[in-house]
Amino acid sequence: MELRRMLMKTAKRPEISAHRVAKLAELSPKVADEWPSDADINEGFAEMILNSQLDWFCSSQSVLRRCALFGITTSRFYEWSVKYAKMARSGKIPSLQPKNIVPILKRDGKGAFNGFLVNQFFAFLGKAAPYVVRNIDYLREITDLRHPQEWSLGARNMKRRIIMHVGPTNSGKTYHALERLKQPVRGVYCSPLRLLAYEVYNRMLSHGSSCMLITGEDRRMPDLNKLGLEPYGYTMQGDPISQTISCTIEMFPSNIEFHVAVIDEIQMITDTQRGWAWTNALLNLKASEIHLCGEPSAVPLVRKIFASMDEEVDVRHYTRLGPLEVTKDSLKGKWSNVQKGDCVVTFSRKDIYDTKKIIEARTGLKCAVIYGGLPPESRVEQARLFNDPSSGYDVLVASDAIGMGINLNIKRVVFKTLEKWDGEVIRPISVSQTRQIGGRAGRFKTGNDIGQVTSLWSTDLEPLKKLMDTQPPNLHAAGIKPPAEIIELFSYQFPNVPFHKLWRMFCDICTVDKNYFLCNFRDQEDIAKIIEELPLTIRDKYQFIYAPAQTNYAVETTCLKKYAEAVAYRRECNIHSVIRLPTMPPKSREDIRVLEQWHRSISLYQWLSYQFAYIFKMIDEAEELRNKCQGLIHKGLLEIDNSSKPPD
């Protein structure tokens, strides 16, 4: 912690000496698991990180190996890496000037910044020493991602009206946008979550509008005759066409022209893993009228993107419908101060279960739990238990998964911690995350008109107040992913390079406009390694690396490889030969974790059934297994043994 305070103090002193920077740089690996708050990532801090990481760059064997794939010799790497570092430190490389590094560090952290350093090294070589890399001009030409608006011109031929509905949580912005969808026009709702897509699907049907559901795992066209609803029209084959489509953002149909489209949570355009889906929708959605809902911080960036297509944006601002306040006192570290209607927020699965056990032991109040690893249906059921006054579940313990997608009757949000592991370092949660979570308290029309936000520990209360009172900074760049054709063309230049290395090579040498960034490729590289030895085409590998798959657990990696083998050898995949569910309900947290992995593996089969329909045919059987799996998880959540002594 002493080192962290030194780093923070240094970050606020841009005039710090080079000797001091070098000294702290030597110590920085000792705080590899810590990261400052966004407010403390300023130009002084950016300069310190730049200097320390340039030292790493010049001596890194992993960077040397990456450069060798492009034919750069060891001697030339050392020669030009030193020149590159000198130019960067002198401020002569604009992209590496501290003011331009700050938004990258806030968004990506130090790990991803290392990749940015490698990318900028190749940009430097392209200008200063193009002879060091064979065909570098051509390689940079075919990996030029600076103009994503030109990748598909379908939407460019339409005159689109863009309307942004911006405001805080619980301000009615999405409600007003969805009202437009209820008009008798062809429309589409693009959701950040499957849960929200289901909710809007059911809402449209209840309103009397024919609606189709499209998610990565599910397609539903209701029996309109049974519901007494009229179709919008019919296909040439005589099949009914729904008036509205409710879909997850990745699945919007780019081949259909709509009158009205609604894109929810537009600020997720900067999400390091999924941001590309929002960018893709903005650039390619064929709709005469597009409604965007989200935070005001997204307005400048969205305006830049649409300006690149000669389109204007009409912005409508909303205010919160009910009051929200940060309490004068914290819970003072006492679990006995937890009350009915509280939502206690923490950010790890283990800590959620530990917190649940402590609260139940100390207060006698029963807790529901919600976190990202739970299947969507289980999250809905846990939310129902918490919302139902007669269920016996009076408290909710949750992660930031409650930030969107679930209606919750929360009286007070209690932050147990203001820090979160982001996959590489422990870092303070952002202003946007804090306000999104805290804003779930006192939801309008729930009877909890005044929402309260507080912390478990007194030391967190003032930082929490500051976060809640601060407006999120404007977004700087939108996520993109390269089209399959570009990856395929790049692969032809290096026919003997393994695909997972090819993927990193592409990221090292590609060019991206300052208003965009390449979404996180860490997971894609891990997937590529798993399927590397299989005789898959580049197109098939591309499909797999963007599949909704996780590579952290053996169950999921085993299933993923079996699915990939079925595609590689063009044979039908029998889901019963892959999925082996236990017969008994889980008796421990670890048992639930394993079931969560099986559930994601079943969902992956369903997703693949829409990419490779001739191989993954057992759709009904997959749905049956998924229902069985979530039933086991639900029983486990209700019956898991809490009799052991709670943690201190």
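View 1. Asn 170 counts as buried because its relative accessibility is 11%, where buried means under 20% relative accessible area with a 1.4 Å probe and protein chains only. Asn 170 lies in the loop between strand E1 (161-166) and helix H8 (173-181), helices (H or I, at least four residues) and strands (E, at least two) being DSSP runs numbered from the N terminus. Its phi is positive, at about 65°, although Asn 170 is not a glycine. Most residues other than glycine have a negative phi. This is a predicted model, in which local features need pLDDT of at least 70 and side-chain atom pairs count only at pLDDT 80 or more, while totals for chains, interfaces and linings use all residues. Residues are numbered from 1 along each chain as its sequence is written, and side-chain values use heavy atoms, with hydrogens and water left out.

**View 2. Glu 265 in the loop between strand E8 and helix H11.** Glu 265, placed between E8 (258-263) and H11 (275-284), has a positive phi near 55° without being a glycine. Glu 265 is buried, with a relative accessible area of 11%.

**View 3. Asp 38 in the loop between helix H2 (18-27) and H3.** Asp 38 is buried yet has no salt bridge, and the nearest side chain of opposite charge, Arg 427, is 4.3 Å away; a salt bridge requires a side-chain nitrogen of Lys or Arg within 4 Å of a carboxyl oxygen of Asp or Glu. Lys and Arg count as positive and Asp and Glu as negative, with His and the chain ends not counted.

Notes: Buried < 20%, exposed > 50% of the residue type's maximum accessible area, 1.4 Å probe, protein only.
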